[in-house]
Amino acid sequence: MGKREISEINAGSMADIAFLLLIFFLVTTTMDTDTGLIRRLPPPPEEIPDENDKVKQRNIFEILVNANDQLLVEGEYLEVTELRDKAKAFIESDPTNPEMPEFKETEIPGLGVVAVSKQIISLQNDNGTSYEMYIKVQNELVAAYNELRNEFSQQKFNKSYEELAQQAGSSDAAKEKMKAVKKFYPQRISEAEPKKVGGAE
Amino acid sequence: MSKFRKKGKKGQPAVNTAALPDIVFMLLFFFMVTTVMRETSLKVINITPKATEVSKLERKSLVAYIYVGKPIKSLQGAFGTSARIQLNDAFKTKEDIALFVEMERDARDEAERNMITWSLKVDQNTKMGIVTEVKQQLREVNALKINYSTKKTDKISN
């Protein structure tokens, strides 16, 4: 008897099966990465803060948001779109204006001794404030800091803060510069416990 | 009389499709590797607000999600219309957050436990009261790195 050859398996439909699987994975896949505003919460309170730690009124930028999503900034009625410029002016501060925050001589590696403004932004919202409004305010504040950092970075290092942040992963020099800019305009947003004033439900 | 006879019809030869399965398999493996199945089904209405200054969350495995919002239409009969917290697949109260944090931490490597980002996916119409409660709970268990999940937009309005 002659040797019988094993017939080859027909692979013609393999492509069809693979297509089927491919389409399944195409449909179920979600490529979107989560985006958002990253924040660091203060650590849990341990002791009652010292009375000496009290910050001078002129160093605080007070923002209140009520249950009707209205803004009161430094005792003044404001639209959320106007908040950014106002916050920028405050954070940058003005040495000639006694209403604006004080300066503190600080040594920053890469910049030497510079006068850093002692700004703090205090944000207080009501329990009835909508989350949308809260995010808007947060966003404007982050934007104010980012814009100031960009301007300062551009003027000092000829590169915007965003560019520095992008290069920080690969170059140590950029990382140092980024840290210096960050130290010059530190993000200080303090959130007070919300009040339960009510108003709108 | 010619020695070489022309073979019947000469039409175009068929395109060789032998390599097609290989190409499709390549694509298939790509999608199989990159795909992330949705682990939780949403039980709350969740439309996150828009913001301009958003940044991307880098490592997906180091992100834990907390959903806050009104129950979806089909569940409103049983759970009402006030905003609720959803952890994993069920409605929870704020007291359960500490346990949730503990479980999420346990599921990760020891070295990465304090690198977890807690992403708050909060519906834009939620009131701040419940959001603050969640934040206070997170603070108490030292889960401090949080992310307010938002979509990117170019401009915000009043």
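## Chain A along its sequence

Followed along the sequence, chain A shows the pattern α-β-β-β-β-α-β-β-β-α-α-α-β, which amounts to 5 helices and 8 strands. Helices (H or I, at least four residues) and strands (E, at least two) are DSSP runs, numbered from the N terminus. This is a predicted model, in which local features need pLDDT of at least 70 and side-chain atom pairs count only at pLDDT 80 or more, while totals for chains, interfaces and linings use all residues. Residues are numbered from 1 along each chain as its sequence is written, and chains are lettered from A and ligands numbered from 1 in the order in which they are written.

Of the 201 residues in chain A, 25% are buried, a residue being buried if 20 or more other C-beta atoms, placed from the backbone, lie within 10 Å of its own. Among contacts in chain A between residues at least 6 apart in sequence, 66% link residues at least 24 apart; two residues are in contact if their C-beta atoms, placed from the backbone, lie within 7 Å.

## The open sheet of chain A

In chain A, 5 strands form an open sheet in the order E4-E3-E2-E7-E8, with mixed pairing, where two strands pair if DSSP finds at least two bridges between them. Strand E4 (76–78) and strand E8 (189–191) of chain A are the edge strands, each pairing on one side only. From one strand to the next, the twist averages 25°, with axes taken as lines fitted to C-alpha atoms, for helices over the stretch in contact, and angles running from 0 to 180 degrees between N-to-C directions.

Strand E7 (residues 120–125) of chain A runs parallel to E8(A), and 3 bridges join the two; here Ile121(A) stands opposite Ile189(A). Helix H3 (residues 131–157) of chain A packs on the sheet, where this helix touches strand E2 (60–65), E7 and E8 of chain A, and its direction makes about 160° with that of E2(A).

## Where the two chains meet

Between the chains, 50 residues of chain B are in contact with 42 residues of chain A.

Note on methods: A residue is buried if 20 or more other C-beta atoms lie within 10 Å of its own, exposed if 12 or fewer, and partly exposed in between; C-beta atoms are placed from the backbone.
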